[in-house]
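Here is a short report on a protein chain. Read it with the sequence and the 3D view open.

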Amino acid sequence: MDTTVMFAKEMDNQDNMRTFKEEFYLPENQLYMDGNSLGLMSKRSEATLENLLSSWREKGIDGWTEGKDPWFTYSEKLSERVATVVGANSNEVMVTGSITVNIHQMLSTLFHPTAERSVIVVDELNFPSDIYAVESHLKLRGLDPAVSLRKVKSDDGYTLTLAAIEEMLTEDVAILMLPSVLYRSGQLLDVEKITEMAHSKGILVGFDLAHSIGAVPHQLHNQKVDFAIWCHYKYMNSGPGGSGGLYIHERHHDELPGLAGWFGSDKTKQFDMSHDFSKASGAGAYQIGTPNLFSVAPLTGSVELFEEAGMGNVRAKSLALTQYLRDLIQAEVGRFSFVDVTPVDDEARGGHIALAHPEAARICKALKQANVVPDFRSPDIIRLAPISFYSSFEDVWEMVQRLKLIMAEETYKTFSNERNVVA
Ligand SMILES: *Cc1c(COP(=O)(O)O)cnc(C)c1O
C-alpha cells in the first residue's frame with residue numbers, strides 16, 4: 001500500500017466504519033493499539049451496564065423476573081446474539097465463565113478417555129493458562145500429562161503448519177485443542193481444514209477464539225467445530241474481567257455437563273429445587289452458578305455495535321489497517337531490525353501485527369511515553385492492534401512516525417529492557 005499520510009486520510013474518508021469512533025471513550029491524546037488485550041469502553045457498554053445498575057436500584061430481587069431485561073434470562077438472550085458473531089446456531093453459545101473455566105467445563109463434558117484414546121493435543125505456542133487447564137484436567141482424570149498431553153511443534157517459534165498439526169493426529173488422540181489465532185504471532189489457523197483433518201481420524205476439535213472473536217468472522221456450526229471457548233474483554237470490548245463464552249455443537253447437546261450446577265438447569269424446572277438435575281437443552285446446560293451479571297451487561301452494548309457494523313466490515317477494515325501498518329513499518333522503520341512475524345496472507349492473519357525485536361521491552365516503554373499503547377509479550381514481541389471500531393488509518397500512520405522517532409533518536413535506551421509486572 002501507499003504509505004503516505006495522504007493515503008491514510010483518503011482511506012479514512014472512504015471508511016464506512018469511521019463514525020463508530022465516536023461510540024468509544026478514547027484516552028486523550030493517546031494512540032491505543034492494545035485492543036487485542038483489553039478493548040476500550042464504548043458508550044453503549046456503559047449504558048447497558050447502567051441499565052443493569054438501575055434495575056437493581058429500582059427493583060431489588062424482582063429484577064430477576066421483571067423489567068425490560070430480566071436477569072434470569074439475560075445471559076441466554078445475549079448468547080443468541082453472540083452466536084451470530086461466531087457463526088453458531090442460537091442454542092450453541094453461552095455467555096459464561098472465563099476461557100480457563102470454560103476449558104475445564106468443555107473437557108469435563110467432552111473428553112471421554114478410553115484405553116485406546118486418551119491423549120489431548122495442544123500446541124507448544126499456546127497461552128499458559130490453556131496449558132495449565134489441560135494439564136490439571138488430565139491429572140484429575142488420573143492421567144499423566146507426560147503421557148497424555150502432546151504439543152504440536154512449531155518450526156519457526158512463531159507459527160504452526162498444517163503438516164505439523166496433522167502429524168500429531170494419531171489413533172490414540174481423543175481431543176485436539178488449538179487457538180484460532182495464535183496470541184503472539186497473530187497467525188490465523190485454517191479452522192475448517194483442521195476440523196476436517198481431525199474428524200477424519202475420529203478426533204474431537206476445540207478452538208480457543210480469544211484472539212479471533214470480534215476480529216475474524218467464524219462459521220463454527222457449518223464447519224462442524226465440536227467446541228470453542230473465548231473471552232469478551234479483548235476485541236469484543238466488554239471490559240476487564242468481562243464474562244467469557246463457550247460454544248458446543250448441537251450434536252453434543254445430549255452430553256451431561258461435566259461440571260454441573262443449577263444454572264445449567266432447564267429454566268422452567270430450576271426453581272423446583274429438586275435434587276435430580278434437569279439439564280437445559282442447549283449450551284446453557286454448561287453454565288455452572290449464578291451469572292456474574294455486572295460482567296455480562298457491558299457485552300450487550302458491544303454486541304449492538306457489532307450488529308450495526310457487520311462482522312464482514314469489521315474484518316475488511318482490520319485487514320486493511322494491519323496491511324497498511326506492516327507496509328509502513330517496512331518503509332519507515334525497516335532499517336531498525338524489526339522482524340515482522342505475522343503471516344503475510346490475509347487468510348492466515350488475525351487482527352494484530354507482531355514485531356520481534358531484541359529491545360522490544362524498552363521500545364514498548366518508550367512508545368508508552370510517546371502516548372502510544374502497544375502490547376509487549378515476553379521475551380521480544382511487540383504486538384500492535386489497530387481496531388476497526390476506533391482506530392483510523394491516520395492513527396496508524398502517526399503511531400509509526402512516533403516509533404520512527406524513538407528508534408532514530410534512540411530514546412528507548414533510557415529505559416530498562418525488562419517487562420513490567422502486567423505486560
Ligand atoms: C486472553 C487469553 C486467555 C485468558 O484466559 P482467562 O481465563 O479469560 O483469564 C487464555 N487463553 C488465551 C489464548 C488468551 O489469549
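## Salt bridges

The model is predicted. It holds 21 salt bridges. One of them pairs K267 with E76, with the closest N and O atoms 2.9 Å apart. This pair links distant parts of the chain: K267 sits in the loop between strand 8 (245-248) and helix 9, E76 in helix 3 (residues 74-85), and 191 residues separate them. K267 counts as partly exposed because its relative accessibility is 22%, and the cut-off for buried is under 20%.

D172 bridges to R150, with 2.8 Å between the closest N and O atoms. D172 lies in the loop between helix 7 (162-167) and strand 5 (173-179), while R150 belongs to strand 4 (residues 149-152). The two are 22 residues apart. D172 is partly exposed at 24% relative accessible area. R150 is also partly exposed, at 25%.

R377 and D375 form another bridge, with closest N and O atoms 3.9 Å apart. Both of these residues are buried. A network of salt bridges links E23, R44, E304 and E308.

## Nonpolar core

The largest nonpolar core has 65 residues. Which residues have the most contacts inside it? They are V82, L176, L178, W230 and F389. Helix 9 (residues 293-309) gives the most to this core, with 8 residues. Domain 1 (5-32 + 310-414) and domain 2 (48-308) each supply at least three residues.

S45 is in helix 2 (residues 43-59). Is S45 buried or exposed? At 5% relative accessibility, S45 counts as buried. S45 and P298 are 253 residues apart in sequence, yet their C-alpha atoms are 4.1 Å apart in space.

## Annotated regions

An unreviewed UniProt entry places the feature "domain: Aminotransferase class I/classII large" at residues 75-219. Over that stretch the chain is 38% helix and 17% strand. Its end C-alpha atoms are 21 Å apart.

The UniProt annotation "binding site", also from an unreviewed entry, covers positions including T100, F127, D208, Y233 and T290. The annotated residues span 192 residues of sequence, and their C-alpha atoms are up to 30.5 Å apart. T100 lies in helix 4 and counts as partly exposed at 25% relative accessibility.

## Surface patch

V101 is in helix 4 (residues 99-110). At 37% relative accessibility, V101 counts as partly exposed. Together with L259 and I288, V101 forms a nonpolar surface patch of about 190 Å² accessible area.

How values were computed. Residues numbered from 1 in each chain as written. Predicted model: local features only at pLDDT ≥ 70, side-chain atom pairs only at ≥ 80, totals over all residues. Heavy atoms only, no water. Patch = residues over 30% accessible without salt bridge, like charges linked within 9 Å, V, L, I, M, F, W, Y side chains within 5 Å. Areas by Shrake-Rupley, 256 points an atom, 1.4 Å probe, with all protein chains shown as cover. Salt bridge = Lys/Arg side-chain N within 4 Å of Asp/Glu carboxyl O. Helix = DSSP H or I, 4+ residues; strand = E, 2+ residues; numbered from the N terminus. Buried < 20%, exposed > 50% of the residue type's maximum accessible area, 1.4 Å probe, protein only. UniProt positions renumbered as here; feature names shortened; annotations may be inferred. Core = buried A, V, L, I, M, F, W, Y, C linked by side-chain atoms within 4.5 Å. Domains from an automatic or database assignment.
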